[in-house]
Amino acid sequence: MSNQGEKKGVSALDFFCLGFGAIVGVGWAVSINSWMSDCGGPVPAGIGYIVALVMMVPIALCYCELVPALPVAGGGMAFAFRAFNDKVAVISGWAAFGGFISIIPWEAIQITDVLGYLIPSLTAGDPLYTVYGTGVHLTTIIIGVICSLLLFALNMRGLASATVLQKILCFVLVGAGILGAVASLIKGDASNWQPIYDTTNSLVYGSAADGYVEATNSNMIGGILAILSTAPFFLAGFETIPQGVEDAGGDIKSVGKTVVLSVALACIFYAILLFCFGYAWPWLEFAQPTAVGGEMTNPAAATMLRMLYGGAAGEVLYWIITIGALAGLFTTWNGFFMASALLLMGMARGRLMPRIFARQNKNGIPVPALLVCLILSLIGPFAGAGIIGDLTCFSGAAFVLSWMLTSFSLVRLRKTEPDLERPYKIPGGIGMGYFASIVSAVVFVLLFVPGNPVYMGKLAIIMFIGWMVIGLILYLASSGQRRGVSQAELKDGVFHGMEERKHQA
């Protein structure tokens, strides 16, 4: 048996910071009031993330086994290729890539949006144009473009360099979140949780075309489940870990475990902040969108603590939380910038995408794939914040589809390759794989069914279908590069990095 633990590279701690930082991001500071409004309060929203934890841990465990067993760029795409064939692989990979690349412009939009709140002069005057009712200003475009170029330059230095920044920013965002939770508990009151559930006076953000609409749930259970329509988007950062596993050093088994650890701690982090911020301020006021008369301007968590404490203390807390939110924004943006390029590279290795994207420079950097990510990131500042709601739901559906196929891949590989070297085997074995498959399949179906709390909306569905059709067209258009090539040869292309790792060990 080859020893895979001697290769020097990115450590398990680096991978945890990569995954956790990519998960938590900026949502806890700018979207948390929307979560309360959508779910009918901080209590059902917080419980909703505990339910999401129950859904996500089995899925993360599937990755925990498959990542060290098949340590190549591509993640779920590679697992599906090994378990099934190129057709299933392209569905999984293209869905995940859609989720990845929707997060990149999302973060580019958020940086300009948050800075616009912090420095009102950035958005002063008439916008250049509007997108779904949201103005786009020249200054915010310039900021988004500069930040995109800086992240591209950082990732051109390689995963190890990107994880150094990731680690620093991860500690900043966690510290800010903990401080915000403690400050909320000190001056809060349990009466602020009341009513425990209420959507009668709350509006939630629907599609970009529809604007603010009534909540899709009418009872406590519905409120708890409502978080599942967006939770996949806000928990998907763990997907950055399997994409970078080829650069792992130390015990490869530990890298797989960071997937589960990052998902579990992120769900707990979100739940705690929901309970604490709801405890600090009457949640109906905190959750009410500013567009319909509320006082909580973004970043909502920072604004709430400024109002709660007032004076110098409130101002200090405001800036600490805001800095933490910006740090989280960059951890997600940085993580998915890298992961998107590696996923595209992995698909190109299997000839599911044009072979040019499989190219790496002498330092192993997938330059053509990174250029695609740069272009997609540059779209965000020009698109504006009006499309954020639909990007969130579309991305969530894309990730759930990929996770479902990954779960089924674990089940199939347990049957077809029982002797595959598995540095870590998940508890429950095939049973756990089936559970993850069924749960993710149920959530995926519910996302498309109107009238239930998990429904993601018409525009998001159109975006999802359109994206998958584009993937089908590209797959068919690239059939020439697969003609005359066997499934075994295609798989060799995907898993070439794994074989190189074994030889180096």
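Me: Is the crossing of α8 and α14 left-handed or right-handed?
Reply: This is a predicted model. In it, the crossing of α8 and α14 is left-handed. Helix α8 covers residues 159-187 and helix α14 covers residues 300-309. They pack at an angle of about 35°, with their axes 11 Å apart.

Me: What makes the contact between α8 and α14?
Reply: From α8 come Gly-180, Ala-183, Ser-184, Ile-186 and Lys-187. From α14 come Met-304, Leu-305, Leu-308 and Tyr-309. These residues divide into six nonpolar, two polar and one charged. Lys counts as charged, and Lys-187 of α8 is in the contact.

Me: Which residues of α7 and α15 make their contact?
Reply: Helix α7 brings Gly-144, Cys-147, Ser-148, Leu-151, Phe-152, Leu-154 and Asn-155. Helix α15 brings Phe-330, Trp-333, Asn-334, Phe-337 and Met-338. The contact has eight nonpolar residues, four polar and no charged.

Me: Why does Thr-230 count as buried?
Reply: Buried means under 20% relative accessible area. Thr-230 has 12%, so Thr-230 counts as buried. Thr-230 is found in the loop between α9 (220-226) and α10 (231-235). Leaving out residues up to four places away in sequence, Thr-230 touches Thr-392 and Cys-393.

Me: Why is Thr-134 called partly exposed?
Reply: The relative accessible area of Thr-134 is 24%. Buried would need under 20%, and exposed over 50%. The value lies in between, so Thr-134 is partly exposed. Thr-134 sits in strand β2 (residues 134-136). Its C-alpha atom is 9.2 Å from that of Ala-383, 249 residues apart along the chain.

Me: How do you know that the reach of α18 is close to the expected one?
Reply: Helix α18 (residues 429-446) has 18 residues. From first C-alpha to last it reaches 26 Å, and 26 Å is expected at 1.5 Å a residue.

Me: Which residues of α18 are buried?
Reply: They are Gly-429, Gly-433, Ala-436, Ser-437, Val-439, Ser-440, Val-443 and Phe-444.

Conventions. Residues are numbered from 1 along each chain as its sequence is written. This is a predicted model: local features need pLDDT of at least 70, side-chain atom pairs count only at pLDDT 80 or more; totals for chains, interfaces and linings use all residues. Side-chain values use heavy atoms; hydrogens and water are left out. Contact means heavy atoms within 4.5 Å. Helices (H or I, at least four residues) and strands (E, at least two) are DSSP runs, numbered from the N terminus. The expected span of a helix is 1.5 Å times one less than its number of residues. Buried means under 20% relative accessible area, exposed over 50%, partly exposed in between (1.4 Å probe, protein chains only). Axes are lines fitted to C-alpha atoms, for helices over the stretch in contact, and angles run from 0 to 180 degrees between N-to-C directions. A crossing is left-handed if the near helix is turned anticlockwise from the far one by less than a right angle, and right-handed if clockwise.
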